[in-house]
Amino acid sequence: MSDQSVPMLWRRIRHRYNLVGRHCRTCDSKYFPPIPLCRKCRRKSDLVDFQFSGLGKIYSYTIVRDPPKGFKALAPYAIAMVRLDEGPLVLSQIVDTDFEELKIGLSVHVVFRRIGDAGRTGVLHYSYKFKPLRKYVTGYVIGTVDGEEGVQHIQVPVEERERTSVRRTIEEAGEAVRRRKSKEPADEKSDG
Amino acid sequence: MKHVGILGFGGYVPKYRISVEEIARVWGKDGKAISRGLNLEEKSVPGLDEDTTTISVEAARNALKCAQIDPERIGAIFVGSESHVYATKPTGTVVAEAINAPNSIQCADFSFACKAGTAAIQVCIGLVKSKEIDVGLAIGADTAQSKPGDALEYAAAAGGAAFLLGTGKDCIAKIEGTYSYTSDTPDFWRREGTDFPEHGSRFTGKPAYFRHVHQAALGLLEKLKTKADEYDWAVFHSPNGKFPRRAAKALGIPEEKIKPSLIVDRIGNTYAGSSPLGLAATFDIAKPGDRILMVSYGSGAGSDAFSIEVLPPLLETRERMPKIEDYIQDKISIDYATYAKHRRTIKVE
C-alpha cells in the first residue's frame, strides 16, 4: 500500500469506499472494480456507475499465516474471493471471524476498514472488507449512482441468504466453468 | 419552525473485548476488586484495521439505514472524537464520501474530550433550526487511548454513535432543549504530539465530572421548567460504571431509569461515543411519549444536557438496523498480548 501515490489513492476512493463498479445497460452485466468498456458489448457498451449492495457469499478462501510486508500485524488473517450478489467476484480480507465459521458459501457483508497507510506520517488508506453476515444485520443500501434509479434502501431477508448450501455454490461454480469452456454467454450475470 | 428532531440514529461497537481481570493480571493488581470498584467487567477493543474513522462510517451508515433519507439532503457533518486519525484532515471528509453525502456540506472535526459528540449534535441543531441546512449528521466516536498500566486502561474503549438531525413528521425523537455548562477545569488532558492522556486521578470526580454533569442537568431542568422525575430514562456520560450511577442518585433518578444506557459495564468508556451510544441504546428500548434526559461530560471541562421526547416513528425505524445490544453480544475475547497488538503498543511493520 505504501508505494501508492496520493493521486492514485484519491482516484480509487469512490469505488473503494462504496463498492461502486459499473453496470452495462446494454447487456445488464455488472463489473467490479470499474472498467472503461463492457467486455461483452465493446463499442456498444452503455456503462453507468453502480453501487453494489455489499452482500455476497464466500466463493473460496484461505488463511494467510506468512504475510507480505505491511500486513504482519494482521496475521493470521483470512482472505476470500467473494461472489457479490450482483455477480462479480471480489478479492478481500474477511474480518471479525475466528476462522472456524469460514466455509464456501458463507454469507458475508461489506464493512469499512483501514487497509493500510503510507508509514507513520503518510496518508491512510480505507476500503471495503467483508465480514460474516450476522442475523442482526438487517438492511443495506443498493442502487445505481449515476443511473436513473438513484440510491435505494432495501431490507435484506436474512433467512433467504442463509438457505444457500455449500453444494449449490459448488454447482454454480461448475456451471460457470462449463459455460466458459463452451463459450456460452452467462445469463444476466458476469464474472466482473 | 417547530422543534428540531432526530431523523435517525445508529451505533457501532467493535467486536473485540478484554476483561478488567486480564488487564489487572498483567500489572499484578487485584482484578476482581478493580472490576467491582469500577462496575466494569470488560471493554471493547478496536480491530487492527479499525479507528475513529471506520467506527464513524459504520455508525453513520446505520443512522442512514434507520432514517432512510437521501444522503443528498445532508448539509453538515461533524465528528466529535479525541482520537481523530489526522491532526488536520477532518474525519468527516472520509465519512461524507463513504455515505454518498454531497460535496456541498459543512464539515469539521470537533474536540472536547468525551463530549465532542454531543457538541456536534448541538451545532447541527442550531444549523437546522436556523434553516441553514436541511439535515445535519453528528457523530461521537473514539478508539480511546490510555497509557499501559494506567488506571484509564481498564476502561478506555472503542465505539461510536451517529445522529441525523432534521425536522418533520419522520422524526423519531424531538429535542426539547439543550443546556451547557463549561469551565476551565484541567482534570484530564492530552498535549499535542503525545500518545496518551494524563489525568488528575481523584480530581476527575467531584470538581470535574460531578460538578459539570449536575450543573448542566439542573440548568436544563430550570430552563425547560421540568423536573428530574418527569423523565422516563436518563443517560449520563460513563467513564466507568460507578460515576453515572452516583450522578443519577444525586439527581434523584432511580437506577432502573439509567439501566438501558449503562452499557459501560460491558464495553467500557467509549469516550466521545459514550453518551451518544447510551442514548442509542435507550432509543432501542424506549416507547413513544417517553422523555429522556441525556448529560454528557467532556474533561477540561464541560457538560451538555439534552431533553428528548420519543416520537412514534421510532418503533418502526429502529428495526431497520442492528441494535446496540446486538453489537455488545457479538464479541471475541482477547488476551493482553493481542490487545497490545490491536492498540499498536507493540510496533509491527
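Two strands are said to pair if DSSP finds at least two bridges between them. The legends below apply this to a predicted model.

**View 1. Strand β13 of chain B and its pairing with strand β8.** Strand β8, residues 173-185 of chain B, and β13(B) pair in the antiparallel sense, and 10 bridges are found between the two strands. Within this pairing, the residue that stands opposite B:Ala305 of β13(B) is B:Tyr179. Strand β13(B) is mostly covered, since nine of its 11 residues are buried.

**View 2. The hairpin that joins β12 to β13 in chain B.** Strands β12(B) and β13(B) run antiparallel and are joined by five bridges, and a hairpin of four residues leads from β12(B) to β13(B). One position to look for is B:Leu293, whose bridge partner in β13(B) is B:Ser307.

**View 3. The aromatic pair of B:Tyr209 and B:Tyr297.** These two rings form an edge-to-face pair, with 5.5 Å from centre to centre and 70° between the planes. The pair links distant parts of the chain, because B:Tyr209 belongs to helix α6 (residues 205-224) of chain B, whereas B:Tyr297 lies in the loop between β12 (291-295) and β13 (300-310), 88 residues apart. B:Tyr209 counts as buried because its relative accessibility is 1%, and B:Tyr297 likewise counts as buried, at 3% relative accessibility.

**View 4. The aromatic pair of B:Phe188 and B:Tyr271.** A search of the whole structure finds 17 aromatic pairs over all chains. In one of them, the ring centres of B:Phe188 and B:Tyr271 are 6.0 Å apart and the ring planes stand at 70°, so the pair is edge-to-face, given that planes over 60 degrees apart count as such. The pair links distant parts of the chain, with B:Phe188 in strand β9 (residues 188-189) of chain B and B:Tyr271 in the loop between α8 (264-267) and α9 (274-283), 83 residues apart. B:Phe188 has a relative accessibility of 11% and therefore counts as buried, while B:Tyr271 is buried with a relative accessible area of 2%.

**View 5. An aromatic cluster in chain A, and charges over rings in both chains.** In chain A, one aromatic cluster is formed by A:Phe32, A:Phe50, A:Phe52, A:Tyr128 and A:Phe130. A:Lys30 lies over the face of A:Phe50, a member of this cluster, at 5.3 Å from the ring centre. In chain B, the charged end of B:Arg291 sits over the ring of B:Tyr231, at 4.9 Å from the centre of that ring.

Notes: Residues numbered from 1 in each chain as written. Chains lettered and ligands numbered in written order. Predicted model: local features only at pLDDT ≥ 70, side-chain atom pairs only at ≥ 80, totals over all residues. Heavy atoms only, no water. Phe/Tyr/Trp six-rings, centres within 6.5 Å; stacked < 30°, edge-to-face > 60°. Buried < 20%, exposed > 50% of the residue type's maximum accessible area, 1.4 Å probe, protein only. Lys NZ or Arg CZ within 6 Å of the ring centre and 35° of its normal.
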